[in-house]
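I opened the model to look up a few points on its chains. My entries follow in the order in which I made them.

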Amino acid sequence: MRRKWISKIVIFFFILQMVIPVIGLMIFSIDNEGLFTLSSYQTLFTDPSFLSSLMNSLGISLVSVVLTILLVTPPIWYGYLYSPRILRVLEAMSFITFVLPGVVLGLAYVQFFSNPPFALAGTPTLLPFAFTLFGMPYYMQSVLNRLRHSEAKLYHDVARSLGSSNLRSLLRVQVPLLAPGILIGSILVFSIGMGEFTITQLTTGGSFMTLPIYLQVDFQNNPLAGAAMAVIALLIAIVLVSLTLGTFRRRKKRREAIHVNHSSVEQAV
Amino acid sequence: MRLGRLLFLPIFAFLLIFAIIPAFGVLSSSLTGTHGLSFTFYRQTFSQQYYNAFWTTTWLSLTSSVLAAIWGFVIAFALVRTSMTVLQRIITALSSTMANFAGLPLAVAFMATLGTSGILTLFLQQYLHVDIVAMGFNLAAFSGLFVAYLSFLTPLAVILMLPAVSSLHQEWEEAMYTLGASFFLYLRKVAVPVLLPSMIGTLGLLFANAFSTYVTSYELAGSSINLVPILIGYMVNGNVSMNLGLGDALSMEEMIVLGVSISFYFFAQRKSLLHAREGRSANAT
């Protein structure tokens with residue numbers, strides 16, 4: 001009994017550790033020398049450069065998500081079903097991002113992409129590629145998890161033996177089967193895109209305003225508005241995390257449903 | 001069916017263009033002086049300033065990741081024992097939110113809370129008469145970065161440790177108690193040895209994470225602390241001295257450090273995978 005009590009104290013301190021900076025930030029953003037104010041939020045939402053940086057961030061994150069889905073999903077699916085050896089090579093290579101942190105990749109891009117064949121440094125063109133690279137290991141794992149738990153190959157073979165074409169099985173059976181994995185992976189890539197600072201700063205020199213770049217400049221000029229902005233970043237993080245966890249929970253239920261409802265394959269064919 | 005392998009073409013081309021070739025570009029220009037092959041830039045990195053930067057970065061990363069790994073282990077251990085699913089779900093959500101929140105917003109949160117005019121700093125001063133600034137705490141120095149690093153390394157440690165810790169069988173512990181062992185003997189003889197691979201792996205990943213942290217230290221300390229990622233950033237960004245070759249040499253050295261510490265993680269992961277397989281076959285027989 002005593003040990004349960006100790007466990008709870010440990011967890012309490014962990015929650016405290018996580019929550020203190022967040023509470024401090026929230027109070028800071030609504031504190032006007034002891035009086036409650038929402039002026040910092042008001043300034044923020046009436047600032048046109050805040051809105052344009054929000055649009056930039058959303059745009060670049062969505063482009064990264066689309067790029068990741070198109071570029072990464074087909075080879076993983078095909079590799080899992082037919083060439084596991086190449087898939088293993090790809091999986092190992094995706095971990096290259098762990099030894100290529102933002103600053104190093106930024107430095108590399110600034111040098112490599114400044115010469116005529118690919119003179120892209122200084123423009124936001126490089127960003128979706130960089131975010132795709134950073135998100136790749138997470139996206140791959142989330143789709144692979146889905147493949148491992150859903151017997152995708154069996155369904156593909158069944159669909160084809162019942163006379164479906166490859167393409168039809170792909171669109172009607174495989175894509176719906178993989179959808180939850182694709183969704184979770186996409187949310188992970190999206191949240192990388194919304195929060196990335198280093199590459200954006202180093203390759204565009206701050207000329208392309210995204211939310212993190214705006215936050216960095218804004219907090220120096222006006223700490224209150226900067227704090228309000230960080231609270232919004234926190235809210236975005238909470239929404240994204242609850243989306244992933246929500247999908248995750250539903251996915252578990254659906255997995256059971258798929259095992260029970262084999263006839264859905266036949267319907268799809 | 002061979003035709004399907006063409007699907008691999010775009011992604012390998014992508015990795016080549018956006019990761020491997022630029023990385024080799026860094027390698028080659030770090031070794032190129034005015035007259036072909038040269039180690040000038042590497043020699044520069046061994047001068048006092050850069051040597052100190054490596055030392056400070058290593059020390060900061062090592063202390064914060066060791067403490068985060070131990071603390072994360074304790075939390076994971078406590079979490080498994082509470083057996084309250086609601087609490088576990090809250091912690092998982094909290095940990096992943098904090099992992100998403102890391103970087104710039106977290107740095108801003110720390111300045112708002114523990115900066116010289118931060119909420120907690122002022123609160124401690126006014127109500128408890130504890131002046132943490134006078135006590136030597138400075139958010140823009142080692143002490144401040146240490147606290148900030150802990151707040152994103154700890155949730156990461158919990159996420160990484162939880163699967164391994166929850167694989168400890170309750171029966172092992174009960175068997176130990178039946179045979180008259182104490183809790184600490186159980187920890188020392190069973191829990192820690194079983195979890196050692198995953199602890200070392202977690203430590204490797206946390207260390208690499210801390211060592212490559214740029215945004216948090218850039219925002220909190222800027223140029224007032226001598227850290228390797230910040231120096232590399234200044235080589236690109238600094239209006240004072242744009243020295244790409246030196247940045248390349250520093251980057252190569254950083255990549256070596258990261259490669260070594262990450263390999264601990266992969267090595268440990270393989271080890272625990274083998275462990276699990278052996279366990280399963282032992283159960284089967």
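**Domains of chain B.** I found chain B divided into domain 1 (9-38) and domain 2 (48-284); such bounds come from an automatic or database domain assignment. Taken over C-alpha atoms, the centres of domain 1 and domain 2 of chain B are 31 Å apart. Five residues from domain 1 of chain B and six residues from domain 2 of chain B take part in the contact, where contact means heavy atoms within 4.5 Å.

**Ground rules.** I noted that this is a predicted model, in which local features need pLDDT of at least 70 and side-chain atom pairs count only at pLDDT 80 or more, while totals for chains, interfaces and linings use all residues. Residues are numbered from 1 along each chain as its sequence is written, chains are lettered from A and ligands numbered from 1 in the order in which they are written, and side-chain values use heavy atoms, with hydrogens and water left out.

**B:Ser263.** I placed B:Ser263 in helix α12 (residues 244-284) of chain B; helices (H or I, at least four residues) and strands (E, at least two) are DSSP runs, numbered from the N terminus. B:Ser263 counts as partly exposed because its relative accessibility is 37%; buried means under 20% relative accessible area, exposed over 50%, and partly exposed in between (1.4 Å probe, protein chains only). A polar atom of the B:Ser263 side chain lies 2.5 Å from the backbone oxygen of B:Val260. I also checked B:Gly201, which is 62 residues from B:Ser263 along the chain, with 8.4 Å between the two C-alpha atoms.

**A:Ser61.** Is A:Ser61 buried or exposed? A:Ser61 counts as buried because its relative accessibility is 0%. I found A:Ser61 in helix α3 (residues 48-81) of chain A. The A:Ser61 side chain has a polar atom 2.6 Å from the backbone oxygen of A:Ser57. Leaving out residues up to four places away in sequence, A:Ser61 touches A:Phe190, A:Gly193 and A:Met194.

**Chain A overall.** I recorded 12 helices and two strands in chain A. Of the 269 residues in chain A, 48% are buried. Among contacts in chain A between residues at least 6 apart in sequence, 78% join residues at least 24 apart.

**A:Leu16.** I located A:Leu16 in helix α1 (residues 2-30) of chain A. A:Leu16 counts as partly exposed because its relative accessibility is 33%.

Methods
A polar contact is a pair of N or O atoms within 3.5 Å; within protein, one must be able to donate a hydrogen and the other to accept it, and residues adjacent in sequence count only if both atoms are side-chain atoms.
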